[in-house]
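Here are some notes for a colleague who is meeting this structure for the first time. They are set out as numbered points, to be read beside the sequence and the model.

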Amino acid sequence: MQVSLRVVVADDHPVILFGAEHALLKFPGIQVVGRARQSTELIKTLQSTECDVLVTDLAMPGGQYGDGLQLIDYLRRNFPNLPIVVLTMLENAALLKRLRELGVTSVVNKSDDLSHIALAVQHVGRRMAYMSPSVKAVFDGLRVNSAGRRDDSKLSGRELEVVRLFVSGMTIKEISQRLNRSIKTISTQKNAAMRKLGIDRDSQLFQYAQSNGLLNLSSNSVKDTGNES
């Protein structure tokens with residue numbers, strides 16, 4: 001007799017939440033035992049419900065435990081044995097690398113057929129990795145296209161500070177005045193951060209910032225570990 005996989009699904013969009021659950025229930029051996037629309041509901045559900053796999057959206061603002069990489073990091077530390085399937089619309093190689101570093105081996109792009117969610121659940125239930133077609137194609141493509149550029153997604157404290165202020169809506173000039181650095185220095189640090197992340201456009205920088213919780217960081221939480229270069 002086939003063992004049923006108990007799944008908790010989290011997404012802040014009701015249509016996606018319903019669609020994901022509907023897609024999962026089409027597959028024998030998968031049972032949806034919980035639902036959540038932000039991180040507070042998700043953690044409460046995980047604490048009170050036994051489950052084998054978590055399927056969660058990456059961007060779910062509004063909850064007590066944040067979203068993006070901040071939430072994934074919390075989940076990995078507090079539920080270390082729980083396999084996670086991440087749902088996302090973001091297409092960024094540095095983000096995918098960070099997810100993998102946090103122990104997430106299965107990612108599904110919402111633009112792919114929703115049946116890939118169930119396939120991912122089946123894979124992680126057997127401790128196997130799974131990436132939906134667009135995620136795999138984008139990750140491989142960006143990795144190839146970034147040849148010759150640094151693949152190091154770790155930013156210095158000052159680079160992180162500049163990125164945080166930039167995505168909060170400040171101009172390069174305003175950031176230079178606030179941090180008492182030259183406009184040239186601020187511009188150089190912003191460009192260095194984008195280069196490390198494999199990002200070419202400001203719109204991608206905003207996506208990255210949203211996905212890893214930079215928009216929720218306070219200036220006091222950013223350590224100044226870099227040099228003005």
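This is a predicted model: local features need pLDDT of at least 70, side-chain atom pairs count only at pLDDT 80 or more; totals for chains, interfaces and linings use all residues.

**Notes on the model**

1. Aspartate 57 lies in strand E3, which covers residues 53-57.

2. Is aspartate 57 buried or exposed in the model? Its relative accessible area is 4%, and because buried means under 20%, aspartate 57 counts as buried. Leaving out residues up to four places away in sequence, aspartate 57 touches Ala10, Asp11, Asp12, His13, Leu87 and Lys110.

3. Turning to the chain as a whole, it contains ten helices and six strands. Of its 229 residues, 51% are buried, and the accessible surface comes to about 11,600 Å², with 50% of that belonging to carbon and sulfur atoms. Among contacts with a separation of 6 or more, 65% are between residues 24 or more positions apart.

4. The six strands form an open sheet with parallel pairing, in the order E2-E1-E3-E4-E5-E6. Strand E2 (30-36) and strand E6 (130-131) stand at the edges with a single partner strand each, so one side of each has no neighbour in the sheet. Strand E5 (residues 106-109) runs parallel to E6 and is joined to it by two bridges, and valine 107 has methionine 131 in E6 as its bridge partner.

5. Which residues have the most contacts inside the largest nonpolar core? They are Leu42, Leu46, Leu54, Leu75 and Leu99, in a core of 27 residues. Strand E1 (5-10), helix H2 (39-48), helix H3 (68-78), strand E4 (84-88) and helix H4 (93-101) each supply at least two residues of this core, and the largest share, five residues, comes from H3.

6. Just after H5, arginine 127 takes a positive phi of about 60°.

Notes. Residues are numbered from 1 along each chain as its sequence is written. Side-chain values use heavy atoms; hydrogens and water are left out. Helices (H or I, at least four residues) and strands (E, at least two) are DSSP runs, numbered from the N terminus. Buried means under 20% relative accessible area, exposed over 50%, partly exposed in between (1.4 Å probe, protein chains only). Contact means heavy atoms within 4.5 Å. Accessible areas come from the Shrake-Rupley method with a 1.4 Å probe; for residues, only the protein chains shown count as cover. Two strands pair if DSSP finds at least two bridges between them. A nonpolar core is a set of buried Ala, Val, Leu, Ile, Met, Phe, Trp, Tyr and Cys residues joined through side-chain atoms within 4.5 Å.
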